Amino acid sequence: MFASIQEQDPRFSTLKRSRNLRWPVSPSDSPHFIEVCENSEDVVTALQRTVDAGMRPTVRSGGHCYEDFVVNNPGGAILDLSLLKAWPLPGDGDRYRISAGSQLGAAYLELYKRHGVTMPGGSCYTVGAGGHICGGGYGVLSRLFGLTVDWLSAVDIATVEASGKVQLRRVDKTNDPLLFRACRGGGGGNFGVITDYVFDSLPKAPREVVSGGVSFEWATMTEARFVDILLKFGDYFETRGKDEDTWGMFAALGLDHSSGGGFGVSLQFCNPDGTCKDLSVPKEFLDRFQDCGAKPQHSVLRNGRVVALNTTPASACPGEHALARQVWLDATINGSFGDGGSRAKYKSCYMKENFSVSEAKCIYKHMKRTMPGVDLRGSMLAVDSYGGAVNKPALLSETARPQRASVMKLQFQSYWHNPAQDAGRLQWMSDFYTDLYTGENVPASYSGTPYPGKHYEGCYINYPDIDMLKYPFWPQLYYGTGDIYPMLQDVKQKYDPHNIFHHSMSVRPKQEKA
Amino acid sequence: MTSRRGFLQVLGWLSAVSALRGASAEVQYVGTEDAIEVRARGRVIQRVASERPVSLELSGHFLFAVNEIAEFQGLPSGSVESFAVDGETGWLTRVSRRGLSLSATMPKSLAVSPDGRHLVVAAYGGGSYNVLPVTPTGEIGRVTQAVKEIGCGQVAHPHSVMFHPSGRFLIATDTGIDRVSVFRFSEGRMTRVSYQFDSKRGLLT
């Protein structure tokens, strides 16, 4: 039996929150009910009750949604799946089943300890599988193994029929194939409530990895050196990074705003066989930065961010790198819980090519920008390596993730606590983004956005940014200019004809004729 | 108040209401594709920009309009507007514009409660009704209730809604599910009284 929590319950004020503490904006955005479900029957019951009452359901697994798509549900019901367990079903055989309510870290532990396999998903332990996987599921192992949805074999999902009746479906390549495709990257909150993800096979977890990096100080940084660092990073992934022996390397260029002291490049690497026998790839990569005034840095990836463990004062000579060897499981699980909730804003961009000099200069300008009365510490641009196994062209038509030609994925981030800083923080990021995506690489009609083309490949639906809604072409930013968005609209019409599952950036019904 | 939609569509108008103003001159409010026109003695005396104001309602010193649109400020919703009406000339001054709930698109009709304190909107596209509060100065507040209609194998398209003169009931028609619905209206909330939906049998009972 599930817990139905209402406003008078002491748990309500805690559970109505999002991890992004900007949401809900006001108490009147909050739902009437938070339905904490423990199994798929609970989900069916809670969803049916919500629909019968004429209320809007939203769905939450880990509560990490960047925007207000879940917790802004005035008078509605949040279906909380975080206690949902995956119960192996007869007929599952050797298949792997991940509950939508599972946290990624817990799923990695379970898959590893039971089977020695893993998903190439995200690096933050507490992100929920429900939203993460159906939006694509990109992470540190994605260059080696592809996106999580590339491995997905079936989905259990509760949908609402035209009759109003809730139906639990098992969808895969033969049953409801379009709905299955839509669940492979279409993003959360669109078509129904996913309760389980099923994988026929998953990649073998690496045995060990090395972590390492280099760091740079803002105090001695010049524009020319900054540009040089960005172009060296981007050039690697545009050229050498396409070779298969490098796919085991994930690298992030963590560009912290200059109010933060410094920034750095860090990496995690294993050979394609899951060992660290041959470290020539990460050494060769780090060699690129040796004449940039870099300092070797013991660093690890935490929660998708690079954290320095210590810094050696002397500049390293080429070939000398601080590469810390770790058991893969420790590198994946330890310390990646995140630092609790804060206020936050995000934007994203996929890049098919290296930065241009003018882009790098623009990034430098906004990293050095100061705004009176605005504290910009904790603001950054994380440039992640992309491509490798993700970029197999056949996956474009099998999944709903169109970005299959990019070499870098950018995540603009800002974290703060004081609500009085909201406006300044949002302004900084909006100015930065608009400036960066206006000019030589973007046709005038798509100005202000990384519209898919020769240079860019749009945005990541798991890093949603409602600022993009002001552009009528926002679906093409997230779903590409091909058949994916029209396909998603067909799925909406067929499987959610009442548009029961909606939020400000959900797949919109085809325009009704009045 | 006059409903003359069928006639008006022929003329390219969307909606109209009329009222006696000042020196017994009849003033008409006519919704067009992109404006609300104020007319007196057959002449347009004022034109206020609007977006597809398909339904107009006068209440006290205010005119309310519902905008038949699928997107408002980038969000998937329609919107409603309020205007203060000059008691002498009938001229309009904009007071507020408010988005409907998410997915409440292409609204067709609105009703003002007899006490003037609430608006109820029938959202054709979203298959739902919205309740919004109105302040004594005519300011429309945020949606306080959204009621989603789930049809009987059909997608609901609420088309019109009106208050019973007592203010205690709402009568609504839905061209998607071919039904007339009656709602009780009490303390600013609407509750269905005409039928219950039986999801197990897929029936309206």
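Visitor: Which residues does A:Ser504 touch, not counting residues up to four places away in sequence?
Guide: The model is predicted, and in it A:Ser504 is found in the segment after α14 (484–495) of chain A. Its contacts include residues of chain B, namely B:Leu75, B:Pro76 and B:Leu102. In chain A, the residues that A:Ser504 touches are A:Asp68, A:Phe69, A:Ile466 and A:Leu469.

Visitor: Is A:Ser504 buried or exposed?
Guide: Buried means under 20% relative accessible area. The relative accessibility of A:Ser504 is 4%, so this residue counts as buried.

Visitor: How many disulfides does the structure hold over all chains?
Guide: A disulfide is a covalent bond between the sulfur atoms of two cysteines. As a cut-off, the two sulfur atoms must lie within 2.5 Å. Over all chains, the number of disulfides is zero.

Visitor: Which cysteine sulfur is nearest to that of A:Cys362, and how far away is it?
Guide: A:Cys362 is in no disulfide. It counts as buried because its relative accessibility is 11%. The nearest cysteine sulfur is that of A:Cys349, at 12 Å.

Visitor: What is the distance from A:Cys459 to the nearest cysteine sulfur?
Guide: A:Cys459 has a relative accessibility of 1% and therefore counts as buried. It is in no disulfide. The nearest cysteine sulfur belongs to A:Cys349, and the distance is 6.7 Å.

Visitor: What share of the residues of chain B count as buried?
Guide: The secondary structure of chain B comes to one helix and 18 strands. Chain B exposes about 9,100 Å², with carbon and sulfur atoms supplying 51% of that area. Of its 205 residues, the share that count as buried is 56%.

Visitor: Are the rings of A:Tyr236 and A:Phe237 stacked or edge-to-face?
Guide: Over all chains, the structure holds 35 aromatic pairs. For A:Tyr236 and A:Phe237, the ring centres are 5.0 Å apart and the planes stand at 75°. A:Tyr236 and A:Phe237 are both buried. Planes over 60 degrees apart count as edge-to-face, so the pair at 75° is edge-to-face.

Visitor: Which residues do ring pairs link into a cluster?
Guide: The cluster is formed through ring pairs in chain A. Its members are A:Tyr66, A:Tyr138, A:Tyr346, A:Tyr350, A:Tyr386, A:Tyr415, A:Tyr460 and A:Tyr463.

Visitor: Over the ring of which residue does the charged end of B:Lys108 sit?
Guide: In chain A, A:Lys347 lies over the face of A:Tyr433, 5.0 Å from the ring centre. In chain B, the charged end of B:Lys108 sits 5.1 Å from a ring centre, and the ring is that of B:Tyr124.

Methods:
Residues are numbered from 1 along each chain as its sequence is written. Chains are lettered from A and ligands numbered from 1 in the order in which they are written. This is a predicted model: local features need pLDDT of at least 70, side-chain atom pairs count only at pLDDT 80 or more; totals for chains, interfaces and linings use all residues. Side-chain values use heavy atoms; hydrogens and water are left out. Helices (H or I, at least four residues) and strands (E, at least two) are DSSP runs, numbered from the N terminus. Buried means under 20% relative accessible area, exposed over 50%, partly exposed in between (1.4 Å probe, protein chains only). Contact means heavy atoms within 4.5 Å. Accessible areas come from the Shrake-Rupley method with a 1.4 Å probe; for residues, only the protein chains shown count as cover. Rings of Phe, Tyr and Trp (its six-membered ring) pair if their centres lie within 6.5 Å; planes under 30 degrees apart count as stacked, over 60 as edge-to-face and the rest as tilted. A charge sits over a ring if NZ of Lys or CZ of Arg is within 6 Å of the ring centre and within 35 degrees of the ring normal.
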